[in-house]
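Welcome to a short tour of one protein model. Have a look at the fold, then read on for a sheet and the helix beside it.

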Amino acid sequence: MTPVQDVGVLVGIVDLAVVLLAIALFAFALLRGYLKTERIPARGMNLIVAGMVLLVVAHLSDSIFQLLQPGRSAAVEGVVATWFSSGWVGWLVHRLGFVLIAVGLLTTALHHQRIEVDFREVESRAEDARQSVRAKESRLRYMFANTSDSVYCFRFDPPVDVDAPIDEQIARSYDATLEDCNTVFARELSAKTPADAIGTRLGDLESSGDTEAHEAYFGAFVRNGYRLEDYDFRFTDSLGISRTLNVNLSGDVRNGRLYRMWAVENYVRDLRETKAALARRNEFHALVADLSSRLVKAPDDEADDEVLRCMGLVCRYLNAQRSVIFWLKPQLEEAEVAYVYSPKGNPFGPVMSLKRYPGFVSRLREGKAVQIDDVDALSSQFGTDQRSMLDVGAKSALALPLTAGGDVVGGITFARTREHQAWREQDIADITVIAEIFVNFVMRLRSRRALDDALSSLQRATQRLEAENIYLREEIELTHGFDDFVGRSRGVMRCLQLVEQVAPTRAPVLIMGETGTGKELIARAIHDISDRKNRPLVKVNCAALPANLVESELFGYEKGAFTGAASTKRGRFDLADGSTLFLDEVAEIPLELQAKLLRVLQEGEFERLGGSETIRVDVRLVAATNRDLQMAVDQGAFRSDLYYRINTFPIDLPPLRDRGDDIQLLAEHFVRMHGQRLGRHVSEISAEMMHQLRVYRWPGNVRELEGIVQRALISSKGEIVELAEPLVEHSDEDEGAPRIISSTIADLKLVEREHILSVLEATNWKISGPSGAAAQLGLPPSTLRSKMKKLSIERPH
């Protein structure tokens with residue numbers, strides 16, 4: 001064969017392979033479309049078929065040429081020869097067929113690719129839908145399991161034809177079986193779990209036992225298009241009790257057949273009772289809040305009326321017509337009737353004989369409630385009680401004990417006089433709470449009134465004693481032995497009372513007061529009447545010692561402890577063993593030494609400076625200061641633990657300016673004491689000097705007063721003591737400018753009036769009482785009122 005022929009054979013083989021490949025691809029496309037139930041697109045199919053036809057025509061072109069050659073005219077034969085004898089025409093048809101097949105296959109492939117994308121998208125949406133359905137089903141299942149209503153589903157097997165007569169459908173309903181339910185419905189069927197109730201026939205339900213009611217209920221379901229909303233299903237149960245179910249029912253109807261019915265139901269009576277109970281609870285809470293508010297806000301003079309109004313509110317809540325609060329009298333067979341709420345009047349009087357209610361009172365004394373639903377039905381055991389209750393018109397009654405401190409002190413009763421009505425358990429629980437409110441308020445009211453009566457009696461006694469003008473200083477000296485302490489003001493008396501209380505004990509004492517108020521005298525008084533009085537009082541003025549010597553002074557030191565320590569020295573704590581140690585100006589103790597002082601107070605032991613031996617002592621500490629130790633603690637200048645230790649029993653001494661008539665007593669005392677020592681024979685203090693002593697502010701307190709009296713004694717020539725010079729004090733308003741205190745006898749009334757006015761304004765015009773103006777002035781209230789009238793002093797409006 002020539003090379004040209006070889007090429008022709010090769011081309012033919014390639015063409016044949018292409019045709020066979022096209023046929024194979026076409027068959028594969030058809031098979032794939034069949035297996036995947038996909039349709040091959042018409043456009044792709046047409047192109048493939050057209051290409052196949054052209055390929056067939058191209059390969060059969062010679063045969064066609066032979067078929068067309070015989071019997072034709074010369075012109076036709078020329079055309080045919082031109083077209084079919086030329087190789088390029090066959091080549092062109094062949095290639096065109098191949099192109100059409102390729103385009104058809106490409107079109108089919110693209111179509112399948114698009115179908116794949118669409119399929120995946122649809123599959124994704126389907127999966128999302130399934131997830132959503134599962135989530136909704138989960139939520140539905142949760143609600144299904146946790147709702148307080150009964151939820152269930154009955155299945156009809158076989159399904160009921162919806163075109164069947166209603167009577168036939170009703171008859172078929174009895175055979176429906178339970179397919180699903182929640183725990184609430186299972187318990188109604190006396191099953192432990194829903195699984196135990198599955199398979200129960202609808203005809204076996206208690207509600208289906210009332211045939212007429214069931215047929216009306218299911219008939220309404222069918223007539224309403226297999227759906228019921230808010231339907232009240234009334235039926236009579238096996239015990240003959242009428243019951244009502246509120247039902248919502250939905251049928252599963254498909255292709256004209258009823259497969260299932262879902263229902264949600266609850267007992268209407270139970271729901272209504274729950275709502276009524278909730279409303280009752282809200283009413284009770286509102287009542288308790290109202291009672292508490294009324295009683296708390298009620299003034300004492302209106303409290304009794306308010307208690308009666310509150311008892312009326314409780315009666316209205318309980319549908320009662322009468323209420324009584326009474327107090328039991330110990331060892332007596334009678335009770336004090338404190339309050340009676342009764343629109344028809346009080347049938348008991350102020351005192352009620354307990355012999356008329358022996359059974360009930362016995363239970364109340366035991367702390368038990370007494371509940372009587374029907375007085376007429378009481379047993380013969382309570383015959384006396386029954387007759388007494390009928391006498392006062394009671395038909396039903398409830399009584400609860402009133403307790404205070406664990407003891408029954410009285411009772412509260414509620415009675416219905418119009419009709420017999422049973423008391424509920426909740427009523428008893430409610431009244432127990434209300435009884436607590438009443439007893440707490442009334443007991444506090446009685447206590448306040450008793451206290452007011454006691455205070456009134458005390459005030460009358462105080463006024464009587466003041467009117468007798470008893471000279472209390474002599475009583476103090478004779479009774480208490482406080483010879484060195486002069487004064488009878490309330491503040492001084494209170495301090496001396498505290499001294500008497502604390503002296504016999506071993507508790508630390510902190511005496512507070514301004515400079516010169518007599519803190520050392522109080523410390524000595526504590527020691528003198530204590531069980532340590534046989535040993536000397538040891539005193540240390542902490543402010544007078546240098547900081548570096550305080551430790552050695554308090555605790556002592558050993559020989560050689562420091563330069564100059566030639567011998568051992570005992571400290572003040574050592575000396576005070578078995579006695580009392582008075583630390584004056586305790587706030588001046590250095591901070592680093594306070595821990596050691598605290599140890600002595602807590603443990604009763606210490607070591608001398610430079611020594612290692614532990615010394616144990618028994619010391620009773622009395623400390624004094626004129627500084628605010630609490631402020632020093634806040635500022636970090638004084639240890640808080642030491643402060644709380646020494647502040648076990650504080651005594652606060654009043655300044656001289658707050659001690660009223662004590663100024664005159666002290667001045668006279670100093671005149672007598674120093675007059676003899678100075679050789680002065682005096683009989684009295686001049687009125688001018690006494691006036692200035694009274695109105696002066698005394699920044700130096702008693703110590704300053706003593707110095708002024710001594711100077712007056714020295715400068716006075718006759719028997720009447722006169723000031724050496726007018727007293728001068730500095731005014732806070734004028735930045736320390738001196739103010740001379742002076743007056744004449746003629747101006748004494750004016751000065752007295754101004755002084756009384758200033759004290760009245762300082763006490764907010766309160767006359768009586770410990771903090772009143774009379775106490776500040778050292779006068780009886782009646783005397784102060786008389787002076788106010790004489791001096792034309794009236795309270796401004």
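In what order do the six strands of the open sheet run? The order is 8-7-6-11-10-9, with antiparallel pairing.

## About the model

This is a predicted model, in which local features need pLDDT of at least 70, side-chain atom pairs count only at pLDDT 80 or more, and totals for chains, interfaces and linings use all residues. Residues are numbered from 1 along each chain as its sequence is written, and side-chain values use heavy atoms, leaving out hydrogens and water.

## The open sheet

Strand 8 (351-353) and strand 9 (370-372) are the edge strands, each pairing on one side only. On average, neighbouring strands of this sheet are turned by 25° against each other, direction ignored. Axes here are lines fitted to C-alpha atoms, for helices over the stretch in contact, and angles between N-to-C directions run from 0 to 180 degrees.

Strand 6 (residues 322-328) pairs with strand 7 (residues 334-341) in the antiparallel sense, over six bridges. Pairing requires at least two DSSP bridges between two strands. Ile 325 stands opposite Tyr 339 in strand 7.

## The helix on the sheet

Helix 12 (residues 358-365) packs on this sheet and touches strand 6, strand 9, strand 10 (396-404) and strand 11 (407-416); contact means heavy atoms within 4.5 Å. The direction of helix 12 makes about 140° with that of strand 9.

## The whole chain

The protein chain holds 28 helices and 24 strands, which are DSSP runs numbered from the N terminus (helices H or I, at least four residues; strands E, at least two). Of its 797 residues, 38% count as buried, meaning under 20% relative accessible area with a 1.4 Å probe, protein chains only.

Methods: Buried means under 20% relative accessible area, exposed over 50%, partly exposed in between (1.4 Å probe, protein chains only).
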